[in-house]
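Look at the sequence and the structure below before reading on. The report then takes up a few parts of the structure in turn.

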Amino acid sequence: CGSTLRAPHGCHAQYMANMGSIASLVMAVVVNEKELDGDSEGQMQQKGRRLWGLVVCHHTSPRYVPFPLRYACEFLMQVFGIQLNKEVELAAQMREKKILRTQTLLCDMLLRDAPLGIVTQKPNIMDLVSCDGAALYYGDNFWLLGVTPTEVQIQDIVAWLSEHHMDSTGLSTDSLVYAGYPGAGALGDAVCGIAAVRINSKDFLFWFRSHTAKEIKWGGAKHDLEDKDDGRKMHPRSSFNAFLEVVKMRSLP
């Protein structure tokens, strides 16, 4: 295999200039996708590949990297990707085991007619799902954990679910706005995504996630008021604004 050279995007060149960087070398770190289901004959299909991250090298003056060195860097990334893939798979297995243990404990509480234990004891429902807040609506009472809507807002969500999702066991969405909930605007950025599970016809479990954009960290943008985007070229600041527009009113999936 050989290395691939190509000209950088103008936005990338501007981003480098903002950081005082002249030359750059970018190497992809690729890992395996999750194994796909087998075909009709029971044979497993080949795993796909996905981009895990990038190794980016910068230099403050022009610097030529000869082909043997680029080839060695590419080989190093392949070896690193193989080792990383093993670590990623091991971490996924550990997370799955932890989730199964937590799920077993919480189900045991429910089966013993002690539903309040899933919010008052450890582990609780926030340990089962990565979220910013959770709530139990049970017997017309509320138990709130972390960042959640108010009790009145949760009651309104329950009424909306009962009317529009009556035939389902719950709802999962990264945006209540795009899910059609009319009161989503009043929740602000604190509550954007939701997973709701129906315990019975009147009682619900909720997990909430906040707006994604506030978790994004950005560097390399110039803040000179005279440095305006011209509307034709993609600059670092405008590319970031475009990304924010994509994730607006959405939580992590």
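## A nonpolar patch

Strand β2, residues 49-59, supplies the largest share of the nonpolar patch, namely three residues. The model discussed here is a predicted one.

Leu51 is part of strand β2. Its relative accessible area is 53%, so Leu51 counts as exposed, given that exposed means over 50%.

## The helix α2

Helix α2 runs from residue 67 to residue 111 and has 45 residues. At 1.5 Å a residue, a helix of this kind should span 66 Å, and the C-alpha atoms at the ends of α2 are 64 Å apart, so the two values agree.

Which residues of α2 are buried? They are Arg70, Cys73, Met77, Gly81, Leu84, Asn85, Thr102, Leu106 and Met109. The cover over these buried residues includes β1 (23-32), β2 and α3 (117-120).

## Cysteines without a disulfide

How many disulfides does the structure hold? The count is zero. A disulfide is a covalent bond that joins the sulfur atoms of two cysteines.

The cut-off for a disulfide is 2.5 Å between the sulfur atoms.

Cys57 has a relative accessibility of 32%, so Cys57 is classed as partly exposed. Cys73 has 18% and is therefore classed as buried, since buried means under 20%.

## A salt bridge

The structure holds one salt bridge. Side chains of opposite charge can pair when their charged atoms come close. Here the side chains of Lys122 and Asp127 meet, with 3.5 Å from N to O.

Are the two partners buried or exposed? Lys122 has a relative accessible area of 65%, so Lys122 is exposed. Asp127 has a value of 32% and is partly exposed.

## Around Ser251

Ser251 sits in the segment that follows α6 (236-247). With a relative accessible area of 5%, Ser251 is buried.

Which residues does Ser251 contact, leaving aside its neighbours within four places in sequence? Ser251 is in contact with Asp174, Cys192, Gly193, Arg209, Ser210 and Thr212.

How values were computed: Residues are numbered from 1 along each chain as its sequence is written. This is a predicted model: local features need pLDDT of at least 70, side-chain atom pairs count only at pLDDT 80 or more; totals for chains, interfaces and linings use all residues. Side-chain values use heavy atoms; hydrogens and water are left out. Helices (H or I, at least four residues) and strands (E, at least two) are DSSP runs, numbered from the N terminus. Buried means under 20% relative accessible area, exposed over 50%, partly exposed in between (1.4 Å probe, protein chains only). A salt bridge is a side-chain nitrogen of Lys or Arg within 4 Å of a carboxyl oxygen of Asp or Glu. The expected span of a helix is 1.5 Å times one less than its number of residues. Contact means heavy atoms within 4.5 Å.
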